[in-house]
Amino acid sequence: ARNENLNRILLISELKLNINLILLSNFDHFLLNLNTNKFKKLFKIRLLPILKQNIGQGLNREGLIRLAILLNNLNRTTEYSHGNLKYSTTIKKRLLNILNSMRITGGRITVNRLYNIFSAAKGCEFELALLLSVAGNRNVNKYYKRADDFVKFRKNRLLNGYEIQSVLNIGSSEIIGKIQEDIHKRRFLGIIRRKREA
């Protein structure tokens, strides 16, 4: 009966909802284990503060992950309005980013695929790092570190727009953004590491 009510609220089939509830249970166990095993320090110092960040409507990032898990496997990709559930624009965008990223997580996670996953996450990289760890029962430290790299590399670019213009001897152009994105990707993949290489 409880699942039937959730079906109506979330507008998701019973089969898909049951799969999502199993993943939600795995997420709970995963967090519990993180707090008791060798990753306890990483969890308390790094992950917990991220998970507890408020994103609006009384929802923190941990709650957003739970909501994304419940809504996983929906056919919709652009809009979330389930019965009486109303989301802020921020939550809608974040949900969409997480769910779109989750759609490309199947199969072997290469470094290139991981870059694409984090790119699609658009600000929800740490949520995806946790979801990847839970779904594959993998090493959370590895995915957290790569999410952290992705965010840091984006914030601290090897070359800014003016430097690229100077090197290429060109004016302002949309190609600058594409070059910065390519440098970011190559840095994430480990192809380049220093400003000179960029």
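Helices here (H or I, at least four residues) are DSSP runs, numbered from the N terminus, as are strands (E, at least two). All views come from a predicted model, so local features need pLDDT of at least 70 and side-chain atom pairs count only at pLDDT 80 or more, while totals for chains, interfaces and linings use all residues. Residues are numbered from 1 along each chain as its sequence is written, and side-chain values use heavy atoms, with hydrogens and water left out.

View 1. Ile170 sits in the loop between α9 (161-168) and α10 (175-189). At 34% relative accessibility, Ile170 is partly exposed; the scale runs from buried (under 20% relative accessible area) through partly exposed to exposed (over 50%), with a 1.4 Å probe and protein chains only. Asn169 belongs to the loop between α9 and α10 too, and at 70% relative accessibility it counts as exposed. Asn169 isn't a glycine, yet its phi is positive, about 55°.

**View 2. Leu47 and its partners.** Contact means heavy atoms within 4.5 Å. Setting aside neighbours within four places in sequence, Leu47 is in contact with Leu34, Leu42, Leu130, Val140 and Tyr144.

**View 3. The buried face of α6.** Leu114, Tyr115, Ile117, Phe118 and Ala121 are the buried residues of α6. Down the helix axis they fall within an arc of 160°, so they line one face of α6; the arc is that of the directions from the helix axis to the C-beta atoms. An α-helix has 3.6 residues a turn, so residues three or four places apart point the same way. The buried residues of α6 pack against α5, α7, α8 and α10.

View 4. Lys122 lies in the loop between α6 and α7. Its phi is near 45°, a positive value in a residue other than glycine. With a relative accessible area of 60%, Lys122 is exposed.
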